[in-house]
Amino acid sequence: MLRALGLITAKTPKTLAHNLRVHFWEGLSFDAGYSLVNPSVMLPSLAIVLLRRAGGMESHENRAGVLFTVLFAVAFGIFPLAASFLSQGLRRKLPLSIWITVWQRVPWFAGALILALWAQSRPLLALAGIYAAWALYAVATGLIVPLWQHLIAVTVPVGLRGRLFGYIGFFARILAWLLL
């Protein structure tokens with residue numbers, strides 16, 4: 001597929017071709033999932049639904065939605081800045097990137113499990129668990145951003161980055177649309 005898009009040619013070195021394939025498919029899967037379940041839209045709504053299930057908590061609905069917004073704003077603003085100072089001096093960034101990426105994906109599964117177990121019987125406990133899971137996601141995402149951008153800068157030539165990300169975004173939205 002990348003050959004048909006012009007990202008890989010017969011003259012592309014094997015290492016670069018491999019890096020482009022990895023970045024493309026990883027980006028496609030992440031972007032498609034994010035298009036289907038956008039946390040900035042879904043989580044405040046989920047908080048309201050869980051508070052209504054708990055009963056007697058209607059006065060806290062707005063605060064619960066705002067808390068997710070604040071959580072993401074702080075985590076996505078402060079953690080990349082702190083992580084850039086921490087990761088700048090690392091000689092080998094890939095092992096740390098892989099470790100953080102795992103912890104970035106765990107909250108998606110933890111959130112689904114939390115909702116399956118507690119959304120009906122204990123909605124407030126489910127809400128607290130969702131906040132904890134997404135706090136972990138926000139922290140991990142904030143930490144991975146500088147490392148991931150460094151890895152992209154090292155592995156994907158400047159002339160291909162724009163096209164690569166353009167194709168990732170385009171095909172991710174098509175995939176998300178097809179999945180709906």
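I take buried to mean under 20% relative accessible area. By that cut-off I listed the buried residues of helix H4 as Ser 97, Ile 100, Gln 104, Pro 107, Gly 111 and Ile 114. I note that the model is predicted.

**Entry: whole chain**

I looked up the secondary structure and found six helices and zero strands. Along the sequence I read the pattern as α-α-α-α-α-α. The chain has 180 residues, and 36% of them count as buried. I then checked the contacts with a separation of 6 or more: residues 24 or more positions apart account for 78% of them.

**Entry: helix H4**

I placed H4 at residues 94-118. The helix has 25 residues, and I noted 36 Å from its first C-alpha to its last, close to the 36 Å expected at 1.5 Å a residue.

**Entry: Ser 97**

Ser 97 lies in H4. Why does Ser 97 count as buried? Its relative accessible area is 5%, and I count it as buried because the cut-off is under 20%. Leaving aside neighbours within four places in sequence, I found Ser 97 in contact with Ile 144, Leu 147 and Leu 151.

**Entry: nonpolar patch**

I looked for nonpolar residues grouped on the surface. One patch is formed by Leu 90, Leu 94, Leu 96, Ile 98, Trp 99, Val 102, Trp 103, Val 106 and Leu 136. Together these residues have about 780 Å² of accessible area. Which helix gives the most to the patch? I found that H4 does, with seven residues.

I took Val 106 as one member of the patch to check. Val 106 is also in helix H4. I noted Val 106 as partly exposed, with a relative accessible area of 31%. Val 106 can belong to the patch because residues there need over 30% relative accessible area, and Val 106 has 31%.

**Entry: Thr 155**

I moved on to helix H5, which spans residues 123-155 and includes Thr 155. What does the side chain of Thr 155 reach? I found the backbone oxygen of Leu 151 at 2.7 Å. Leu 151 had already come up as a contact of Ser 97. Leaving aside neighbours within four places in sequence, Thr 155 is in contact with Leu 16, Asn 19 and His 23.

Methods: Residues are numbered from 1 along each chain as its sequence is written. This is a predicted model: local features need pLDDT of at least 70, side-chain atom pairs count only at pLDDT 80 or more; totals for chains, interfaces and linings use all residues. Side-chain values use heavy atoms; hydrogens and water are left out. Helices (H or I, at least four residues) and strands (E, at least two) are DSSP runs, numbered from the N terminus. Buried means under 20% relative accessible area, exposed over 50%, partly exposed in between (1.4 Å probe, protein chains only). Contact means heavy atoms within 4.5 Å. Patches are made of residues with over 30% relative accessible area and no salt bridge: like charges are joined within 9 Å, nonpolar side chains (Val, Leu, Ile, Met, Phe, Trp, Tyr) within 5 Å. Accessible areas come from the Shrake-Rupley method with a 1.4 Å probe; for residues, only the protein chains shown count as cover. A salt bridge is a side-chain nitrogen of Lys or Arg within 4 Å of a carboxyl oxygen of Asp or Glu. A polar contact is a pair of N or O atoms within 3.5 Å; within protein, one must be able to donate a hydrogen and the other to accept it, and residues adjacent in sequence count only if both atoms are side-chain atoms. The expected span of a helix is 1.5 Å times one less than its number of residues.
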